[in-house]
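Student: Could you take me through one part of this model up close, and then carry on from there to a few other spots?

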Amino acid sequence: MGVTGEARIARPPADRTGRIPQQRGDQLLDSAVRYARERHWDVFPGTWLEVLGGAERCSCGSADCPAPGAHAAGADWAAQATGSAVGARRLWAARPTASVLLPTGRAFDALEVSESAGCLALARMDRLKVAPGPVTCTPHRRMLFFVLPGAGPKLDDLVRGLGWPPHSLDLCARGEGDYVAAPPTRIGGRGAVQWARRPTTANRWLPDTEDLIGALAYACGREAAAERTRERPRPPRRT
């Protein structure tokens, strides 16, 4: 699927010239149409970025918006979502710079972890020859692994079965009633959502949560242990 940008986890240096990059409407529209036509994913347009006084602001008008230009524009977003390429083209023709948002709990759910844990999990999946589905990487340094719907209700039991208390891991599920931002949506001045593993014909059939949970829980457990080690107070030095 020819959608913009697979993630190179190393981040590019900040633009020192003060230029405000543009969120090209044609890329957003084309991507939304491809998601609907080629993957049969529902899509809907969210907020967008506006330039006011030389600075970017979210179209919602909030000065402290946590996801500028990348969240639902209204409470009726679920009803707006369409799986039709024609419908997607019509929606983005009216709002060409709107973010591309994908409802979870329909064609897929998403398992969310930190970027560091996600990279470790992907490396482990490659070693174990476990095939992940599409994976996005956000400018907030989060990674989302697309899986079959139904991840949320069974996630805690799966994690507990692997020996971890569920709430000890930075691992959660996005399911019914939620959504994710899709490439090439930009989130404020932080950068764009990118594909760490892009949608292809090889991963058209999504994995189940059980297929990925071992590698993800292991990676999140390693990260939690490292964090505890960093926080542990060091004994006083002997004089």
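Tutor: Let's start with a term: a polar contact is a pair of N or O atoms within 3.5 Å, where within protein one must be able to donate a hydrogen and the other to accept it, and residues adjacent in sequence count only if both atoms are side-chain atoms. With that in hand, look at S62, whose side chain makes a polar contact of 2.7 Å with the side chain of D64. A polar atom of the S62 side chain also sits 3.4 Å from the backbone nitrogen of C65. S62 belongs to the loop between β3 (55-58) and α2 (77-80); helices (H or I, at least four residues) and strands (E, at least two) are DSSP runs, numbered from the N terminus. S62 counts as partly exposed because its relative accessibility is 28%; buried means under 20% relative accessible area, exposed over 50%, and partly exposed in between, with a 1.4 Å probe and protein chains only.

A word on the ground rules: this is a predicted model, so local features need pLDDT of at least 70 and side-chain atom pairs count only at pLDDT 80 or more, while totals for chains, interfaces and linings use all residues. Residues are numbered from 1 along each chain as its sequence is written, and side-chain values use heavy atoms, with hydrogens and water left out.

Now on to α3 (residues 85-94). At its start, a side-chain oxygen of S84 comes to within 3.2 Å of the backbone nitrogen of V86. Within α3, the residues G87, A88, L91 and W92 are buried. They cover an arc of only 125° around the axis, so they lie on the same side of α3; the arc is taken from the directions from the helix axis to the C-beta atoms. V86, R90, A93 and A94 are exposed, on the face of α3 turned away from its buried side.

What about the cysteines? The structure holds 0 disulfides, a disulfide being a pair of cysteine sulfur atoms within 2.5 Å. For C137, the closest cysteine sulfur is in C119, and 6.6 Å is too far for a bond. C172 is in no disulfide either, since the nearest cysteine sulfur, that of C220, is 9.3 Å away. C137 counts as buried, at 1% relative accessibility, whereas C172 is partly exposed, with a relative accessible area of 31%.
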